[in-house]
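Good morning, colleagues. Please bring up the sequence and the structure, and I shall take you through them.

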Amino acid sequence: MTATAPPAHDRTGPSDERLLHTSPWKKLLGRPELGSVVGAAAVFLFFSIVADTFLRTSSLSTVLYAASTIGIMAVPVALLMIGGEFDLSAGVLVTSSALISSMFSYQMTANVWVGALVSLLVTLAIGAFNGVMLVRTKLPSFIITLGTFLMLTGMNLGFTKLISGTVSTKTIADMEGFAAAKKVFASFTVGGVDVKTTILWWIALVALATWILLRTRFGNWIFAVGGGSGAARAVGVPVARTKILLYTGVAFCAWVSGQHLLFSFDVVQSGEGVGNELIYIIAAVIGGCLITGGYGSAIGSAVGAFIFGMTSKGIVYAEWNPDWFKFFLGAMLLLATLLNAWVRKRAEATT
Amino acid sequence: MTALVELDDVSKYYGNIRALEGVSLEVHAGGITCVLGDNGAGKSTLIKIIAGLHRHDGGTFSIEGEETSLGSPREALDRGIATVYQDLAVVPLMPVWRNFFLGSEPTKGKGPFRRLDVRTMRETTRAELLRMGIDLRDVDQPIGTLSGGERQCVAIARAVYFGAKVLVLDEPTAALGVKQSGVVLKYVAAARDAGLGVVLITHNPHHAYLVGDRFVLLKRGVMAGSHKKSEITLDELTRQMAGGSELEDLRHELERAPAPRHVGGHDLGH
């Protein structure tokens with residue numbers, strides 16, 4: 001980012017004369033998230049023009065909030081996808097996590113933090129179950145997590161009706177620890193401004209995931225198990241452990257999302273979450289993750305989630321029928337994937 | 001001097017199938033032992049025994065004079081035997097430097113700040129490849145964009161860097177063109193000159209004769225011949241490799257057979 005670019009013939013130091021002018025622009029083209037950034041800019045511009053209220057601070061913060069609720073889950077789903085696997089149970093796992101937390105606290109009349117802790121343990125166990133089943137049975141993750149998806153959907157409804165008598169949980173807003181938990185998982189007020197904590201969680205998770213992916217051994221292993229698990233095993237990468245950890249990562253973020261659901265709305269609807277798993281996957285794919293694994297980025301998933309937030313709220317601000325949302329999301333997915341493929345081809349071309 | 005790896009009368013059976021019987025070979029430091037054989041001769045089985053994927057059923061397998069039986073590839077690696085398979089064990093989408101250190105990444109920093117030592121990884125990759133004579137344009141390029149020969153060389157350089165004493169190469173030139181093959185053979189020779197023992201599996205006697213010191217010929221699971229370079233000529237090696245007396249018979253048959261009319265029974269004019 002210097003003001004004056006060095007001339008192309010200036011080849012001092014250890015640089016190689018065969019490296020013909022790799023401009024910063026070219027390096028940028030090689031980034032996995034580039035396609036999604038271009039897409040996000042286009043969507044932003046589009047809604048800025050068609051929706052008068054889109055550029056207001058309140059609208060943008062609503063967009064950011066919507067993006068963050070998806071983004072928190074898109075991060076671990078992207079990591080998992082880079083590791084070559086899917087998790088179709090991620091959407092309902094969020095609901096399960098909220099239900100467990102709420103019902104445990106309510107039934108035991110315990111501090112809500114105890115419920116949250118129990119929920120964390122159970123949620124992590126479900127994630128680990130997905131991972132262990134995957135590496136033990138060697139079945140495709142699509143089948144295994146489709147199984148847990150259906151089982152969790154049934155259990156969410158079944159247990160909630162059995163325990164609460166209705167399809168939603170009882171309110172726990174008056175219970176001990178609720179106010180503090182709400183500050184951590186839902187929102188707090190600073191100087192009269194209501195801050196949604198999901199946005200902070202989101203930023204933190206994206207930063208953490210990026211660090212892990214690019215600068216740790218575990219990150220190297222994620223790319224390796226997704227890009228060639230046979231080769232990874234041959235050079236001593238613990239493939240099974242890496243995959244199980246990726247699934248527990250999804251579970252951890254599902255717990256954060258679930259607690260957000262609980263502490264911002266007091267009650268949890270047991271049928272929620274179905275279909276969200278696809279939105280997480282879409283965010284990751286729009287963000288440049290290769291569906292076959294081995295390539296992608298956490299920042300890309302954040303941009304994908306941001307596109308989702310802009311589209312879902314932008315349609316409302318443009319005063320269109322929200323029924324069109326899914327159409328836009330689908331079109332975006334196709335365009336982003338094509339753009340990503342095209343950009344990658346351009347970036348890998350020799351000149 | 002004791003051999004780095006010595007197989008004596010080694011056999012391997014899969015159920016009632018005799019995959020390998022009575023095979024002996026020696027690999028010395030700074031030497032290249034070539035294993036030659038047609039498809040199905042037992043070359044893969046031999047590799048798998050040396051690499052620790054299979055245990056042998058008969059005979060003795062010694063590493064540096066000590067009789068052994070390897071239980072896993074990890075064990076073989078720990079004893080200094082590195083195997084470069086035809087698929088090379090590289091992840092095509094990952095940069096060269098990440099591939100080079102995959103599974104044995106150096107780190108710096110402590111606790112939560114423990115991180116990849118990216119600088120060292122890049123510089124070492126570049127330096128190690130250069131030492132093997134591979135001048136890579138950019139260690140950041142995905143390894144899948146390298147040519148087959150270059151990838152083979154990276155895999156060899158990696159094995160050498162991580163302290164291999166014995167390098168087992170499974171048909172390193174099989175899928176390569178003439179020029180690429182030459183490049184790979186140069187690196188095989190470089191590894192030998194660095195003091196490693198090399199087992200070169202191939203079905204190309206010309207490549208074998210260029211670099212090899214000892215030649216072991218396999219045929220249908222048994223040893224068809226074992227020669228030092230001084231004891232055999234390329235022609236003889238080629239003849240034996242190509243089937244020996246069988247080839248001779250085939251030649252006579254072909255000579256005697258009159259050219260069939262439908263393929264043009266007239267003088268082609270040499």
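Predicted model: local features only at pLDDT ≥ 70, side-chain atom pairs only at ≥ 80, totals over all residues.

In which sense do strand 6 of chain B and strand 9 of chain B pair, and over how many bridges? The two strands pair in the parallel sense, over four bridges.

Which strands are joined to strand 3 of chain B? One of them is strand 10 of chain B, residues 197-202, which runs parallel to strand 3 and is joined to it by five bridges. Here L36(B) stands opposite T202(B). Another is strand 11 of chain B, residues 214-219, again parallel and again joined by five bridges. In that pairing T33(B) stands opposite R214(B).

For chain B as a whole, the model has nine helices and 12 strands. Its C-alpha atoms fill a box of roughly 80 × 45 × 35 Å along the principal axes. Of the 270 residues in chain B, 41% are buried. Among contacts in this chain between residues at least 6 apart in sequence, 67% join residues at least 24 apart.

Helix 5 of chain A, residues 112-137, has 26 residues. From its first C-alpha to its last it reaches 37 Å, close to the 38 Å expected at 1.5 Å a residue. Its buried residues include V112(A), G115(A), A116(A), S119(A) and T123(A). Further along the helix, I126(A), G127(A), N130(A), G131(A) and L134(A) are also among the buried residues.

Against what do the buried residues of helix 5 of chain A pack? They pack against helix 4, helix 6 (141-164), helix 7 (178-185) and helix 11 (239-265) of chain A. After helix 5 of chain A comes K138(A), whose phi is positive, near 60 degrees.

Next, a helix pair. Helix 4 of chain A, residues 90-108, packs with helix 12 of chain A, residues 276-286, at an angle of about 125 degrees, and the axes are 6 Å apart. Helix 4 of chain A and helix 12 of chain A are therefore oblique to each other. Helix 4 of chain A contributes A90(A), G91(A) and V94(A) to the contact, and helix 12 of chain A contributes N276(A), E277(A) and Y280(A). By class, this contact has three nonpolar, two polar and one charged residues.

Several loop residues of chain A may be taken together. In general, most residues other than glycine have a negative phi. D266(A), in the loop between helix 11 and helix 12 of chain A, has a positive phi near 65 degrees. With 18 other C-beta atoms within 10 Å, D266(A) is partly exposed. E319(A) is not a glycine either, and its phi is positive, about 60 degrees.

Where is E319(A) placed, and is it buried or exposed? The residue lies in the loop between helix 13 and helix 14 of chain A. E319(A) counts as exposed because it has 11 C-beta neighbours inside 10 Å. W324(A) is also in the loop between helix 13 (298-317) and helix 14 (325-348) of chain A. With 12 C-beta neighbours inside 10 Å, W324(A) counts as exposed.

I conclude with the interface. Here 20 residues of chain A are in contact with 18 residues of chain B. Helix 9 (217-227) and helix 10 (229-234) of chain A each supply at least two residues to the side of chain A that touches chain B. Helix 9 of chain A gives the most to that side, with five residues. By class, the side of chain A that touches chain B has nine nonpolar, six polar and five charged residues.

Thank you for your attention.

Note on methods: Residues numbered from 1 in each chain as written. Chains lettered and ligands numbered in written order. Contact = placed C-beta atoms within 7 Å. Nonpolar A, V, L, I, M, F, W, Y, C, P; charged D, E, K, R; others polar. Buried ≥ 20, exposed ≤ 12 C-beta atoms within 10 Å, placed from the backbone. Axes fitted to C-alpha atoms, helices over the stretch in contact; angles between N-to-C directions. Parallel < 35°, antiparallel > 145°, perpendicular 65-115°, else oblique. Pairing = 2+ DSSP bridges. Expected span 1.5 Å × (residues − 1).
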